[in-house]
Structure formats: C-alpha cells, structure tokens
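Student: Please take a close look at the aromatic rings. How are they paired, and what sits around them?

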Amino acid sequence: MRQTVFVSSTYQDLGTHRKAIWELLGEFDVAIRGMEDFDARSETPLETCLIEVEQSDIYLGIIGFRLGSVEELRGKSYTQLEYERAYELKKTTLIYLIDDENARVQKKFIDSGLSLEKLEAFKDTLRDRHTVGTFISEEDLVQKLRRDLGRHLQTSQVSPSKSD
C-alpha cells in the first residue's frame, strides 16, 4: 500500500532543503504532504497542517535554527504542533536536526531570545524521544534521508530482474 509522508519544517530558512526532500521523495512510491501543496481551504493554516499530519503515515521533521510561526494560544510553533500530533497518533517519525557546530547558515536564519529558548526546548524533547539524525547541508540531508527512508518505503522504479 502506498504510504504518505508529511514534510514538516520552517520554510524561510529551509526552503531549499524542502525542495531537495520533495525531489528525493519522488524516487519512492509515496504521496507527499506539505505546505508546498496546500490548496485553498476553509480551515485555518494550522488546522490544515494538523489534518495533513493525521492523514499521513510518516512524519518527517526537519529542524534548523528557527522556531517558525507560533500559534498564540499555545505558544508553540506550527512545526512543534505538527510533531506533537504525529507523536500522539504514533506515526512513524524521522527527525533530523541541523548540526549546531558544522552547518553554515546565514545569521538572519538563526533565532535568538525567547524563540531560541523555545526551539532548544523542542530540540531537547525530540532528542529525548527519538534517535535523531543531523545534517549540515541539503546534500547531506538528502543522502541520510535516502538511506533511512529506504528502510520504510518502496522505490518507485522497478529494478531490473537478473537473468540466470
């Protein structure tokens, strides 16, 4: 049965990463869900995200140096709320955190103050609950995702049969 993958991350800082992930997911027999493909709906943006998570089999969380859009009532980012819904529903969850020491990121894409504190607390939760992967670039992330997704998904290409 064809599985559905939800791609969760902030966009401004990880837009090129997301594009690379969508291209990679094209190698697998999956349906892809994420903000790039949301159409007009009557639900709020957050409701749309959570509905898409609920309808997915695999939650793919990519976390950089930004907290992202925050839902005011709960004081949590959309990415965190998406993750929490996936966790609550026991979805297969793959988490990748940017390598704090070795990734090269423009300063404008690095949070500070309260946003940074919330982001670090979220990352701590992820590290406590999951074995996380790290990445330093789009290429590094795609390489690791290809390996890890290969354990969960079928490729879309049919491999040639060997003749004896």
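Tutor: Here is a walk through the ring pairs, then the charges over rings. This is a predicted model, where local features need pLDDT of at least 70, side-chain atom pairs count only at pLDDT 80 or more, and totals for chains, interfaces and linings use all residues. Residues are numbered from 1 along each chain as its sequence is written, and side-chain values use heavy atoms, with hydrogens and water left out.

Searching the whole structure gives 4 aromatic pairs. Rings of Phe, Tyr and Trp (its six-membered ring) pair if their centres lie within 6.5 Å; planes under 30 degrees apart count as stacked, over 60 as edge-to-face and the rest as tilted. One of the pairs is Phe6 with Tyr59. This pair is stacked, at 6.3 Å centre to centre and 15 degrees between the planes. Phe6 lies in strand 1 (residues 3-8) and Tyr59 in strand 3 (residues 58-63), so the pair ties together parts 53 residues apart in sequence. Strands are DSSP runs (E, at least two residues), numbered from the N terminus.

Phe6 is buried, with a relative accessible area of 1%. Tyr59 is buried too, at 1%. Buried means under 20% relative accessible area (1.4 Å probe, protein chains only).

Ring pairs also build a cluster: Phe6, Tyr59, Tyr83, Tyr87 and Phe122. Tyr87 has a charge over its face: Arg129, at 3.9 Å from the ring centre. Elsewhere, the charged end of Arg41 sits over the ring of Phe38, 5.4 Å from its centre. A charge sits over a ring if NZ of Lys or CZ of Arg is within 6 Å of the ring centre and within 35 degrees of the ring normal.

Technical notes:
Helices (H or I, at least four residues) and strands (E, at least two) are DSSP runs, numbered from the N terminus. Buried means under 20% relative accessible area, exposed over 50%, partly exposed in between (1.4 Å probe, protein chains only).
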